[in-house]
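Here are a few quick notes on this one, jotted down as numbered points. Have the view open while you read.

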Amino acid sequence: MHDTYYNSLVYFSLSIIQDLQQAEDIAIDSLVKLWQIPTRFETTGKLRGYLFTLVRNASLNYLKHLRVKEKTEQVLLTAPQLETLVVESDIMHLIYQEVALLPESYRQIVELLYIEDLSSAEAAAQLGISMDNLRQRKGRALKELKSALLRKGLSEHIFSMLFF
């Protein structure tokens, strides 16, 4: 039985699933299933038809399993991305809360430089202060903000990545 049908079954499965190793496994499994059932076939044509039906169904089930596996992997890949977004959102919420608690002159500088993304010259002009004064206030504002965020559990590394 093996010698008669094996190569044809492998080729048939391979034409469906495009994976030689898996096609060989499906052909062997189908021959084993045939051997395990007590049914007798009236003609070799019916036997052949039954074997090819077994191989076709097993091949299609394999492809179905692959699609489910791929979808699951895609969902699992997006889960860490979602988790990362939630963490980033929490960090940004914490930062905005602490910025709002800064003294007015420090808060304005942090908002202009880091939230509105103005240049130092633009921020100084908008506030009507010198560049030296802006640098001093910026340094003090970041020092105070860093201290508050470290107390809340934000790591120094994350603070440095966000503000430097």
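Predicted model: local features only at pLDDT ≥ 70, side-chain atom pairs only at ≥ 80, totals over all residues.

1. Residues are numbered from 1 along each chain as its sequence is written, and side-chain values use heavy atoms, with hydrogens and water left out.

2. Look at Q18: not a glycine, yet its phi is positive, about 60 degrees. Q18 sits in the loop between helix 1 (2-17) and helix 2 (20-36) (helices are DSSP runs of H or I, at least four residues, numbered from the N terminus). With a relative accessible area of 62%, Q18 is exposed.

3. D117 also deserves a glance. Its phi is positive at about 60 degrees, although D117 is not a glycine. The loop between helix 4 (104-115) and helix 5 (120-127) holds D117, which is exposed at 63% relative accessible area. For background, most residues other than glycine have a negative phi.

4. Now helix 6 (residues 131-151) and helix 7 (residues 156-163): their axes come within 10 Å and cross at roughly 145 degrees. Axes here are lines fitted to C-alpha atoms over the stretch in contact, with angles running from 0 to 180 degrees between N-to-C directions.

5. Who touches whom? On helix 6, L142, L145, K146, L149 and L150 meet E156, F159 and F163 of helix 7, contact being heavy atoms within 4.5 Å. The residues of this contact divide into six nonpolar, no polar and two charged.

Terms used. Helix = DSSP H or I, 4+ residues; strand = E, 2+ residues; numbered from the N terminus. Nonpolar A, V, L, I, M, F, W, Y, C, P; charged D, E, K, R; others polar. Buried < 20%, exposed > 50% of the residue type's maximum accessible area, 1.4 Å probe, protein only.
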